[in-house]
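The following note sets out several points for a colleague who is reading the model alongside its sequence.

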Amino acid sequence: MIRNYIKIAWAVLQRRKFFTFISLFGISFTLMVLMVVTSFYDHAFGPQMPERESDKLLFVNNMREQVKEGYTNSGPPSYYFLNRYVRPLKTPENVSINSLFMPVNSYVNNKKLALDQKHTDAAFWDILDFNFVEGRPFSVQEVANATRVAVINQNTRKNYFGEKEAIGQTIEVDQVKYKVVGVVENVPVLRLHSYADVWVPITLKSQDFKRTGLRGTYFATIKAKKASDVPKIQEEFATMMLQVNKNKSKDIKEAFAYADDIFGTFARTLLGGGKTDKSGLLYAILAFAAFLFMLLPTINLVNINISRIMERSSEIGVRKAFGASSATIIGQFIVENIFLTLLGGLLGFLISAGVLEMINDSGILAYANLGLNLRVFAWGLLLCLVFGLVSGVYPAFKMSRLNAVEALKGGSK
Amino acid sequence: MIQLTDIEKVYRTKTIETVALNRVNLQIERGEFVSIMGPSGCGKSTLLNIMGLLDEPTSGFVAIDGQPVKTHSDSKLAKLRNEKIGFVFQSYHLIHDLSVVDNVELPLLYRSVSASDRRKRALEALEKVGLSARTKHFPNQLSGGQRQRVAIARALAGNPEIILADEPTGNLDSVMGEEIMDILLRLNQEEGTTIVMVTHDENMALKTNRLIRFFDGQQVADSMVIEAQI
């Protein structure tokens, strides 16, 4: 039966080429945009290298201070806060303190090389899952001794050393020389908590350690023993913040900081802080935006489908005469519409692959490696099915209610 | 086989009420070949549609094999149409996007029949109407007579007990019309299929067993054809 429906769907598509073009263009363009957005989402928040175990990771990247005059100051937390209050938390498996990445300059063959540098501790390398192509991360000892060692990414190795091995070589960044101990695969800039071109020991920035304010230029990356421990860590973090507020300076009315997962940190930053987790709200906003974005092409497709199906009222009459119930007719048109949307989806996939490749090659986003992996594919497939169902159900329902006699006359009752 | 009791069909608009059928009582017996004649608009096709469960009467009862169908759900009516009734229409109503054999398979799509069995039965039906050589053609590649033969094969594929034919020769020339009539007669005589045929053609009607005449929605004559010829 399905084969018969698909044969019909294919023949109908070929019969009205302009309608088919409009339908397929609408579907494939809409899905392409949604696929690219999904790919960005996956790239920024999905379990990707080096944050593969994202369900066990929490990030502290903001400290909001409500000051007495009624103003609010907000920014990354200080090393002092993270080291004194966050590192000693008991529920996490491990805590890393690392700096924001900062732009630095380097010169290779008299050519300026703009790099991003991040200061990290040794735990950073244990918590995150970098792909080392050469060498190793810097050790606890090297961090303790503030040894001038660096881990660089593949792109920096290429700029400095071409295809040669980098381990043991020296790079000079902002007039400081570092010995390269490791080379990792490029990390995309969207991974704000992990990304850099050059990673060096945090102790090389020890001047920051003495500052006692709550705000500074550091992040904490927290790893749970298991995903189910995450709420316990957040609970312990909240209790710890009560202590912070007891010990705070008199100038501050209240201090707020949270340990959120990667999407949670983004949601809280984007939606203006607040005490509650904003992930649900942001998901709802994104879903609503996707719904609105899909609404117009869906309405268009519903209209095209209705006029396309109306032309086939005689067929509906015949099918009813030979034993198709209204439910069977609905099923047929939904199958046909899903076939059409899957076809559009396939085109959308191909166009998305091209667009993502263009974005990757353009260099708009450093080390972007946007792609159509299995997760994105699954999302795309789901979107196609939803699109197919939503745009097919109403026309199918309307047509299934056609009186068989009127349908055979080609009527519209 | 088919029993119609006090059937009325009234079409109403805001200003006009048209009585298409007025208190029709009719019994069609198993194995009969009945022709229905009358001027255009007298309610013949409406009657056929009500017999075929494609339309509902405004009042009155329809029973198939002694079972009233008034309270049947949409899906139960569809099942009954699928298993008991085959339709042949004046304008063939083939699905243009499907090949001849796919068109003929249509009634079997709505039964649990395997694809291979479906194909086998469709080919057998096409053989009965002499169209075995045209199975992969599309309807627009066939003549009118051939299309009507495909339509008959489609009606036969489900092996129905009743065939309802609405002016099956109306769009055909006399030679083609004779061919179609011969097929219907053969089905009735050799396989015992009950056939009810609406026609304008007196000659065709006289080949059937029983002739019912309609005028203004009312049954005005019902006679065996031998009597009618006298």
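1. In this predicted model, Ile36(B) stands opposite Ile212(B), a residue of S9(B). The two strands concerned are S3 (residues 33-37) and S9 (residues 210-215) of chain B, which pair in the parallel sense over four bridges.

2. These strands belong to an open sheet of six strands in chain B, ordered S6-S7-S8-S3-S9-S10, in which the pairing is mixed. The edges are formed by strand S6 (85-88) and strand S10 (218-224) of chain B; each has a single partner strand, so one side of each is left without a neighbour in the sheet. On average, neighbouring strands of this sheet are turned by 15° against each other, direction ignored.

3. Helix H1 of chain B, residues 44-51, lies across S3, S7 (162-166), S8 (194-198) and S9 of that chain.

4. Chain A contains an open sheet of three strands with antiparallel pairing, in the order S3-S2-S13. Strand S3 (72-75) and strand S13 (252-257) of chain A stand at its edges, and because each has a single partner strand, one side of each is left without a neighbour in the sheet. The twist from one strand to the next averages 15°.

5. Within the sheet of chain A, strand S2 (residues 63-67) and S13(A) run antiparallel and are joined by five bridges. Met63(A) stands opposite Ala257(A) of S13(A).

6. Helix H9 of chain A covers residues 279-310. Its 32 residues should span 46 Å at 1.5 Å a residue, and the end C-alpha atoms are 44 Å apart, which agrees. Pro297(A) is buried, as are Met294(A), Thr298(A), Leu301(A), Asn305(A), Arg308(A) and Ile309(A) of H9(A).

7. Where do the two chains touch? In the contact between them, 22 residues of chain A meet 21 residues of chain B. On the side of chain A that touches chain B, the elements giving two or more residues are helix H1 (2-15), helix H10 (313-321), helix H11 (326-362) and helix H13 (404-408) of chain A. H1(A) gives the most, with six residues. By class, this side of chain A has twelve nonpolar, seven polar and three charged residues.

Terms used
Residues numbered from 1 in each chain as written. Chains lettered and ligands numbered in written order. Predicted model: local features only at pLDDT ≥ 70, side-chain atom pairs only at ≥ 80, totals over all residues. Expected span 1.5 Å × (residues − 1). Buried ≥ 20, exposed ≤ 12 C-beta atoms within 10 Å, placed from the backbone. Pairing = 2+ DSSP bridges. Axes fitted to C-alpha atoms, helices over the stretch in contact; angles between N-to-C directions. Contact = placed C-beta atoms within 7 Å. Nonpolar A, V, L, I, M, F, W, Y, C, P; charged D, E, K, R; others polar.
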